Structure formats: C-alpha cells, structure tokens
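Good morning, and thank you for the time. I shall take you through one structure, element by element, and I ask that you keep the display in view as I speak.

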Amino acid sequence: MTTPRPQHVAVIGGGFSGTMTAVNLARLSPAPLRVTLFNHGSPTGRGIAYGTRRPEHLLNVATRNMSALPDHPNHFLDWLRTRTEYAGVPEAELRETFMPRRVYGDYLRGLTQHYAKPVDPRAGVEFAVIGDEVLALEAAGDGARLRLAGGATLDADKVVLATGNEPPADLPGSDTVARHAAWCANPWLDWETRIPAAGDIVLLGTGLTTVDAIITLLALDWPGTIHAVSRNGLLPESHFKGVDDPHFPPASVDLATLGLAGLVRLVGEHCARLRTAGLNPAMVVDKMRPHTQRVWGAFTDAERREFIAKHAARWNVLRHRIAPSIHRQVAGALESGRLKITRAAITGVKPLGAKIGVELQDRAGATTLLEAALAINCTGPHTRFSATRSPLLQQLLSSGLAQPDSMDMGIRVEPDFTVVERSGQRSSFLHAIGPLLRGTLWESVAVPELRGQALRVAQTLLDAGAPAPAEAAVIEYQI
Ligand SMILES: Cc1cc2nc3c(=O)[nH]c(=O)nc-3n(C[C@H](O)[C@H](O)[C@H](O)COP(=O)(O)OP(=O)(O)OC[C@H]3O[C@@H](n4cnc5c(N)ncnc54)[C@H](O)[C@@H]3O)c2cc1C
C-alpha cells in the first residue's frame, strides 16, 4: 500500500542536510508540493561548515567527491566551471582540488536560490525559507504543528529534522568563564575579532576545528604561540596519492560479520602489509568506507563503546584527513615552534584575570596550567543527545516524540530515517537525517554520506517508488 504524498513538508535546519532535502523535494516532486525550510543560527544553504567567510578554510574532500546530488556526480565540478577563475583549470587538476569552503557555500546557496526563487513560472513546488528557530513540535491531525521562536505556528504533513552539529560540550569550569572576554565556547562563531595582540592562544582539541583555527591565525600572521591540547595529541593527517589496492577488503570476507575484535585484527594485518610495502595504511580506512555503516550497525553496543574508547581517535585522524596544502602549513607551524601540541587531559578552565587558565593533566598525573590570552573550545560537536541544548530536541525527548539511539549519540531512527517515538512506535510524520544519526550509522557527518540521506528521505516523502540507487563507492585517496 502506498502512503499519500504529503502536501506540505517542513524541513528544520538549513545547513547542507536540510537544504539538500528541500532541493531534492523541489526537483523531484511529480506533483504540486509545499516545502518550508526553517533555519536559524548559521547562513541558510551554507550551515556551519560552509558558512565560513575565511578564504583559507578549505574543504577536506576533493572536488570530484563533493557533488551535492548523488545522481549527478559531476555537479559541483560542472558548477565550478561556470566561474571564470576555474573555467580554464585542467579537468584532472580541478577534480583533485580542495576548494575554499565558502565557494562550496556559494554552490549550495545557488542551488537553494534556484528552487526557492524559481524563474520558471511553471514550477509546481512552493519552496519557502523562514529564518526562525523551531522551538517545538506537536502532533496535529495527521501531521504536525511547529511552534517558532518568533511566536508563529505552522502546520505540516511531514517534518524532516536536519538540525546538524551542536556546539562543543562544556568543559569543567566552563560556567566560570562563560562571559569572559578571553573565552570562546563556540569555535564556529567569529572569534577573529577577539584575537589578543600578545600572549598565547590555547585551542582545546586537536581535530579539524583546531586546524581551522590554526590556519586562520597563520593567515592573519598572528605572531604569538598557538597551543593545541588533547588527550591523544593527534592532528589530522593529510590526503595522499595511493594505489588501487585490490587486497582489502578480502573478497571472501564480509566485514560486517567479523565483530570488533576480528575487524581490528584484519585491519591491523592489512595496515602492516601496506606499511611493509611502503604504502599509506590509511588506504584501509578509505576502502572500509562503503562498509562502515553496515559494520557499525552489526556491532553490539559494547563493541561500539569499545571502538570509541580504544580506536576512534586513531580512526578519526586517518579518516577525516585534510588538504595537503593545509597539512603543510600546520607542519610548518609545528617546525617553527609557532604551534605547540600538548598531550594531556583538559581538567578545567578558570578565569585568571584577563586570561583563561587551562588546567591539564598528563598520563603520569602531572598537572600544568596554560595561561591563555584567548582559549577556544575546539573539542568537536556535542554528542550526548539526552543532554542536548537544543530547545526543540529537548522538547521532542520530553514529549516522547523521539528517543535517543542506543548509544545516546543522536536520535533513534528506522532504516528509512523515520524517527522512533519513546513508545517504540514509528512516528507518523517525523524523519531525521544528518549528524543526528551518528549513533545509528557512525559515518553520518560528511557530504558523501549526507547527500545520499537527503535524496533518500526526499524520495521516501514523495513516495517516489524505487529508493535512491546506491552510489558507486568513491575512494577518497587519489590514485
Ligand atoms: C567546520 C566544519 C567543516 C567541515 N568541512 C567539511 C568538508 O570539507 N567536507 C565534508 O564533506 N564535510 C565537512 N564537514 C562536515 C559537515 O558536518 C557536513 O558537511 C554538513 O555541513 C552538515 O550539515 P548539516 O545541515 O547536517 O548541519 P549544520 O551545518 O550544522 O546545519 C544545521 C542548521 O540547522 C540550524 N538549526 C538547528 N536547529 C534548528 C531549529 N530548531 N530551527 C531552525 N534551525 C535550526 C542550525 O543553526 C544550522 O544552521 C565539516 C563540518 C564542520 C563543522
């Protein structure tokens, strides 16, 4: 039995995931449809990642793998060709280029504009963008009623939650520095205007957001010392050129049946083989990518917890690699002493006059205090779903319209992205995609996964029959 096509779809969140859901609904709907995209907090179409205004912030995925549309793999590449500055770049070079993220934001913004303000009067889809926060949802008739921060309410037949990444979790003592001029709790808000003339800047974390901050400080020629601190002290690795390794995964092995211990053993063997051959073992991580969601789905929760505790830090630096030019700049800063990495647990932050004191403890238990003229919390998106700071997500949890996934990393969904209510029932109107599915899928954060989700959820809502065809696996490293 087919479900009736929805008349009005509300999409909450206007970053990549929500925008592309709305765009897919608009371009694929065979019949008249109303789509309303709600967004607040970061620029519509661009979201947090592509809302950056800094030209030195580059994509960490090459152009060839950044199409927003799974069924048009060269869409971003072709769009770049419409810009004078890229029109003459040889194809092979452009495919492997890591574009400025703000250029990618222009691309997404352009797609939004094309469908939200169509010049073709025959367009059958009414696509509205509302710049307001959705505070609450309740069931109303066969659909939902949305309550907005501005006071308005709006009814929809179906709702897609695409609320994206939350700012980093608080650190011990965050409350004591919350209003301090030298404390930045959200690394994605412009902090460049607050850079001190002298003193040290301390970046809490050593992941991708930290790299963004380092690159900006270098671009601004900031003369002081940059400290980056994390428990493992691991910075992201660089993209590289590799070979088409046919030995991993072995044809006879289904990675999803191995369990964590078996997988760790197999991956370890293949990494050792590649190292012996003088090749980069990160190729194994790339070649696992088409299988990762299935592997994660087959793990028990105990295995998932063990993976996070023992392997996730190493996985992340190999998996979320950065553009070689960015890596070279970071390496140069390390060599010159402008950047210092400290391997320690961050045990607290506290006010220290005009500075922030960052308390650290190393593995041997020794404690130190870094004095920061500016301290930026770059510890990555907050992921404990039950402690979400989003009023909307809190309301969904408290009203029973949603529940956390079994890892409490995001929202519980069915394989077709339908939200599961606290009662265990499938929601009749609510779907979720994007980083909210991290606990269910593990890999649910970068464009190569999110574009497929945005297409599949649109097809489900349009009852478009055949699901989105599986994309051909793209190997991230360059061959
Ligand atoms: C700094 C950074 C750089 C990245 N670089 C890359 C990259 O180079 N390549 C790559 O593939 N991936 C990259 N990523 C991964 C990135 O998460 C995804 O590519 C993508 O941007 C996520 O989009 P999203 O729409 O799911 O979430 P977000 O970008 O977080 O957007 C969600 C939007 O919804 C809004 N919102 C939330 N709640 C509500 C509400 N209740 N009402 C209204 N609006 C709401 C938010 O304010 C925000 O505007 C990067 C991520 C970050 C943080």
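I begin with helix 14, in which Leu392, Leu393, Gln395, Leu396 and Leu397 are buried. By buried I mean under 20% relative accessible area, with exposed meaning over 50% and partly exposed lying in between, using a 1.4 Å probe and protein chains only. Helices (H or I, at least four residues) and strands (E, at least two) are DSSP runs, numbered from the N terminus.

Before I continue, please note that this is a predicted model: local features need pLDDT of at least 70, side-chain atom pairs count only at pLDDT 80 or more, and totals for chains, interfaces and linings use all residues. Residues are numbered from 1 along each chain as its sequence is written, and side-chain values use heavy atoms, with hydrogens and water left out.

What covers the buried residues of helix 14? The cover includes strand 1 (8-12), strand 4, strand 7 (158-161) and strand 17 (426-432). Contact here means heavy atoms within 4.5 Å. Directly after helix 14 comes Gly400, with a positive phi near 85 degrees.

Ala387 sits in the loop between strand 15 (374-377) and helix 14. Ala387 is partly exposed, at 26% relative accessible area. From Ala387 to His57 the separation is 330 residues in sequence and 30 Å in space, C-alpha to C-alpha. Phe417 belongs to the loop between helix 14 (391-399) and strand 16 (418-420). Its phi is near 75 degrees, a positive value in a residue other than glycine, and at 4% relative accessibility Phe417 is buried.

Asp221 also has a positive phi in a residue other than glycine, near 60 degrees. Asp221 is placed in the loop between helix 8 (208-219) and strand 10. Is Asp221 buried or exposed? Asp221 is exposed, with a relative accessible area of 58%.

The loop between strand 10 (226-230) and helix 9 holds Pro249. The peptide bond leading from Phe248 into Pro249 is cis, with omega near -10 degrees. Asn232 is likewise in the loop between strand 10 and helix 9, and Asn232 is partly exposed at 26% relative accessible area. Setting aside neighbours within four places in sequence, Asn232 makes contact with Thr206, Ala313 and Arg343. Asn232 and Ile341 lie 109 residues apart in sequence, yet 9.8 Å apart in space, C-alpha to C-alpha.

Let me turn to the hairpins. Strand 4 (residues 134-140) and strand 5 (residues 143-148) run antiparallel and are joined by six bridges; two strands count as paired if DSSP finds at least two bridges between them. Ala136 has Arg147 of strand 5 as its bridge partner. Two residues separate the strands of this hairpin, and Gly141 there takes a positive phi near 60 degrees.

Strand 5 is also antiparallel to strand 6, with four bridges between them. Which residues of strand 6 (residues 153-156) form its covered face, and which its uncovered one? Leu154 and Ala156 are on the covered face, while Thr153 and Asp155 are on the uncovered one.

Next is helix 11 (residues 301-310), whose buried residues are Glu303, Arg304 and Phe307. They lie on the same side of helix 11 because they cover an arc of only 100 degrees around the axis, the arc being that of the directions from the helix axis to the C-beta atoms. An α-helix has 3.6 residues a turn, so residues three or four places apart point the same way. The cover over the buried residues of helix 11 includes helix 9 (259-276), helix 10 (282-298), helix 12 (312-319) and helix 15 (438-441). The face turned away from the buried side of helix 11 carries the exposed residues Ala309 and Lys310.

I thank you for your attention and welcome your comments.
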